[in-house]
Amino acid sequence: MEGTIMLNLVFESSKPHVEALDADRFHLYADGDRYPLPDAVLYTEPGVTSVTLQEVRITDITHNALDRELLRGEVRTQWESAVRMAGDATKRHVLVEDRGLTAALVAAMAATTGGTPLELVVTWRYAYADKSGVQAAPAREVRLTFAARNEAPPARPRGPFPDPDAVRLGVPAALRHRSGRPSYGGFVAVDFGTSASTITALDTRRPVMRPVDLGQARRLRSHMAAILRANAPAELSGRWQEQLDEIRKQVTIAQPDVAHLSLTEVADRLDGGSRGDGGARLDALLDSVCVAVEGRLAEADDALRKWLAPRVLEAYDDAFRVPALDTLRMRPVVFDKDTGATEIASAVSIKDDRELDIELPSRELGAMRQLKARLTNRKPIEGRFGRDGREATTDDVIAHVYLRLAEAAEHFLSDDEDRDLQLLSHLVVTYPTTTPPEARTRLRRIVGHCLDLDKVVTNYDEGVAAALFFLMRDFGGARAEFGAEGLRARSRQVATDPPTWHQNMLVVDIGAGTTDIALLRLTLIDRTPAVAGGNETVRGKYYVLLPEVLNSTGHPQLGGDFLTLRVFHWLKASIVDALLFGPGHPQERAALMTKARQALGLSEGELAPFAPQVVDHDHHERPVPPDVEPVLREILNTQWAENAPPSARNGFYNLWEVAEQAKIALGRLTDEDDHWPVGAAALESAFGAINPDQSRTWLKLLPEEGLRLSRADFVGLIRPVLSQAVGLAGSVVRHSLDPASGERLDRVMLSGKTSLMPLMRQVVAEELSAAAADPKGEAVWNPASVTVEAEFAKEAASMGACWAHSIVVRETGVKGDDKLLNLGRTVVTIDVENLFHSLPSSFSLLRVDTYHDALLNAGMPLREVDSSGRLAARVEWSDERPWRRCRSTSTYTGPATPPGNSSGVCSGSRTSPSRSRSSTTRRSGCRAPTAPGAAPASASSSRSTRDSPRACTSRTASRTTTYPVSGPWRSGISSTHSGGTGPRAGCVACRRRCGWSEGRARATRAARSSSSRPG
């Protein structure tokens, strides 16, 4: 769930001397004796009628001039002091307009910057409240740079599409308009990945008239064809041939059109068939073969049955694990008809036009990658402009990427349709789990505005979307009851009225750039209505499935590319070792050895091989040891500046491609003694780009057989990275599931191409066995429950998001349909509306001491708190623990014995050490302040000053004790944190932040003055 911004602060100007480089970047030119400033304007979001404006002010001003205060004062005088406040802001409210800074002052300040342009960064904060009283105080930062006083504003190209809405939203200008164009009736889900992107479309235009999903039928045909071709062991071959003859007989009786075919030809027809005119005949043939094979299995003797049964079971199991995409009317977008590729490389290059345009996918070695990371770190694109003439940024590139992906989906969806191109109006966008809410909001605005969409959904991060893919695989077919019964069989029953089962599913999605993790609880509830006089034995079941996100996390830099980076440096070190320590060519090797010593600051001495040091280095943030990196950079330099020509980048990218191929190849190997050869031919282009003068010498120094990269070294290199990624998942399990209360981890699902490595499954088993252990240290999950998605490893996120959102926009079950239930059909309703109706993480009151007060726990349900559907988690405050933890001294005047405390309110008073051991302070428990029916308690004060310490009296049944206190509490009790042992980040008892730090400082000074020991 995302926070909604109802009021936006926008900076704008139509003056030629105020050049808008971006929504929050302006270049100012002198206009006579002043530099005009952009106007500050407030806009309400569409649909918001008005909000109450409470405050607008400048909170910070930074600049690069020497005299800081003079310029700050001028900005506040000319800009902040002219703010026009209004009680209610509606639609557009101008705060400041037509203001400027004195040109002479700006010129004087610019003279102190050392030759760089004068730059100001001004932070504005504005506070407002909506009609329900919800308050917000967002901040907006604007960056101003000043041209020289005699410099005239240049004639900037202005696009044909001035876009004031883009300026208001802080996004690039619109790239297209859909007005008058037909719209596509469904939607698509886009997973824009670090290395590759996928799209899944919901296409409801074609009816589904198949008894078995197309993809599942295709897989089952392949398996049945393999069974018909299978050769049984020698001792069973005769009996198997007899069964094959019977299978052929039964098939030809049911399908006379194949009577002239041999059984091998029948298998070929099954295996090579595709949907088309012969689709129905193929389905009928498959059905006949399945019936015949199952019949022969039942008639076979024990030995033959033991050989055949696992093959038949595997055929059905594998076929029905295929997502029922055709039944669900979901279509993976194909980007290349010739190859059938359903993913497209995410590398982007910028064309040479002044108005920004891109090429996707780009085949240039220096193409832009990892654009998603720019959502939180926007950068300008020098020399390029958006469609409205503003200087382009990485936001413009992201907008163009989504436009290209949307256009690819639109052309794919219209290829086999005899109709005009239909433009998308509804898009589902996934994003990394660690993307902050403000970046998600900006992504939604960029895509929605630039593509002119009616709706952009950003409800599913990549971890949750991958988890939903596995749920779709179980429940997404035409018979969802099979998934319900299977889930019930694998789950734990937690209630009987109504019957309820739980299953906890962990999903780890390691993509190219990020790791995304989600922990879901699947709750299956049997809500079959009872019918008087009905036959319960033949009545169907009505199930409700409630998936719920218990926790999610991730890592923005931990993915397949980081593994490639480690292999890249290992490969470089292996090349350097081959150049330095190989046989022969002593003169050339001695020259390289001298360079290596100089890089390390050595004049002599033996050097150890560098590749083993890279393998043994397990620092997560720095893939190369600090005493190895200088040698690699000196001998095999692959670094280049950001503005370097493409030729300077070629060496890096050529060597990166070799490292990527080595990672994939070594990841597939299973024998520790295996090696992967890297020949001289693979390195020749990289050597030529890195050092053309030395490339021939380097090739001569390499071993004739090339480099041999060991799988054992590869495992040692990447295991720490995989362990770190899976360790995040283990942390989620430990903090979200309590084995002591019966919670357990039931299933683990792996997606992403990195999960295809056999090593990944091994690391998962090792790491999670410890994380999911019960209090006795015994594992409470079965490592055999790990499932790896191989076929749709990359498409899982877009498919999961598409399926979940399709449930939102259409019904998935028929609630209370007695006709279906009486016919014995099972009805399943899947409710994804409540997917995020629990807290994904825990929240604690962080204190300086070792004690943390847990306020909100992961998995705590969220409840609607008003008619708008707003959700909140409520803290169940204990009558005991918060009071006991609070070491504040307090005062109570009221009944001598409050309820629940026979000895008085301030029970448990005791001495506790302050910072000085010779000084003590008292603490009180301060429980319920007022007895039922009693008059409100009152606090007595010795001073009237608001922030001064007060002296109050706490009465007990036997004595009266006086403590110094300050700060209000409730019901007549006053509380403060006046000792060095007070709460460390806000008082739990008074439920607000108090001035405890000042009180602590006073107590510490007093303790030190009365003690002979240092505090």
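**Exercise 1. Work out how Arg305 is classed by accessibility, and find its salt-bridge partner.**

Step 1: Arg305 has 30% relative accessibility, so Arg305 counts as partly exposed. The cut-offs are these: buried is under 20% relative accessible area, exposed is over 50%, and partly exposed is in between (1.4 Å probe, protein chains only).

Before going on, note that this is a predicted model, where local features need pLDDT of at least 70, side-chain atom pairs count only at pLDDT 80 or more, and totals for chains, interfaces and linings use all residues. Residues are numbered from 1 along each chain as its sequence is written, and side-chain values use heavy atoms, with hydrogens and water left out.

Step 2: Look for the partner. The side chain of Arg305 meets that of Asp302 in a salt bridge, 2.9 Å from N to O. A salt bridge here is a side-chain nitrogen of Lys or Arg within 4 Å of a carboxyl oxygen of Asp or Glu.

Step 3: Check the partner. Asp302 has a relative accessible area of 58%, so Asp302 is exposed.

Step 4: Helices (H or I, at least four residues) and strands (E, at least two) are DSSP runs, numbered from the N terminus.

**Exercise 2. Find what separates Arg72 and Glu69 in helix H1.**

Step 1: Arg72 and Glu69 form a salt bridge, with their closest N and O atoms 3.0 Å apart.

Step 2: Because the two are three residues apart in helix H1 (residues 68-78), about one helical turn separates them.

Step 3: Now the surface. Arg72 is partly exposed at 23%, while Glu69 is exposed at 54%.

**Exercise 3. Decide which parts the Glu743 and Arg521 pair ties together.**

Step 1: The side chains of Glu743 and Arg521 meet in a salt bridge (2.7 Å, N to O).

Step 2: Glu743 lies in the loop between helix H21 (711-736) and strand E29 (747-751), and Arg521 lies in strand E25 (residues 515-526), so the pair ties together parts that are 222 residues apart in sequence.

Step 3: Glu743 is buried, with a relative accessible area of 17%, and Arg521 is buried too, at 14%.
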